[in-house]
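Morning, everyone. Let me put one structure up and walk through its aromatic contacts, then the fold.

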Amino acid sequence: MKLKFVILTALLFGVLHFAQAQQSNLTHKDSLNHTLNQYYELNLKVFQQNSTLKDIDNIFELFTDDFTYVHPKYGGIYSREDLYNGYKRNQKNGGYDGSVMDIKIENIIYGLNAITVSKRFITKHEGKRVEGNEQMALFEFKNGKISKIKEYW
């Protein structure tokens, strides 16, 4: 009888531990996904013609202090400050004109404090909706914030 109680107790603790691990994994994944969605929603707002400096600031609230942006095709590694200045320059020069209508997520792969995304920009060209080429990016996270974005397009 005592042995049955010990086995039953051990089994119960094992099930509870497994359930808790599954819940933690879902919470972690949901948290990363929430931050990723915020990033794309805020960028979409900045890409509009009447965006403000506050819209840019809202994006940068999602980043760690030591954030880096890596895009080998377009110049390599950018610090947080470099990227911020680039956003401001593009906004000032009219680079954000509303031609980007949406960002379509094609696929997401979740890892430990990382997400790989396949996405397409949806643009307006001659009054028509145009889906751009698929693009891949890796997002790394620290303490719930984005610490690095590496573009692979």
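Tyr 40 and Phe 139 are both buried, meaning under 20% relative accessible area with a 1.4 Å probe and protein chains only, where over 50% is exposed and in between is partly exposed. A caution on the source: this is a predicted model, where local features need pLDDT of at least 70, side-chain atom pairs count only at pLDDT 80 or more, and totals for chains, interfaces and linings use all residues. Residues are numbered from 1 along each chain as its sequence is written, and side-chain values use heavy atoms, with hydrogens and water left out.

Now the rings. Phe, Tyr and Trp rings (six-membered ring for Trp) pair if their centres lie within 6.5 Å; planes under 30 degrees apart are stacked, over 60 edge-to-face, the rest tilted. That rule gives 13 aromatic pairs. Tyr 40 and Phe 139 make one, edge-to-face, at 5.9 Å centre to centre and 75 degrees between planes. This pair links distant parts of the chain: Tyr 40 sits in helix 1 (residues 2–46), Phe 139 in strand 6 (residues 135–142), 99 residues apart. Both belong to one aromatic cluster, whose members include Phe 60, Tyr 87 and Phe 121.

Next, the fold. The chain has 3 helices and 7 strands. Those are DSSP runs, numbered from the N terminus: helices are H or I, at least four residues; strands are E, at least two. The order along the sequence is α-α-β-β-α-β-β-β-β-β.

Which share of the 153 residues is buried? It is 29%. Last, contacts, meaning heavy atoms within 4.5 Å. Of those between residues at least 6 apart in sequence, 51% join residues at least 24 apart.
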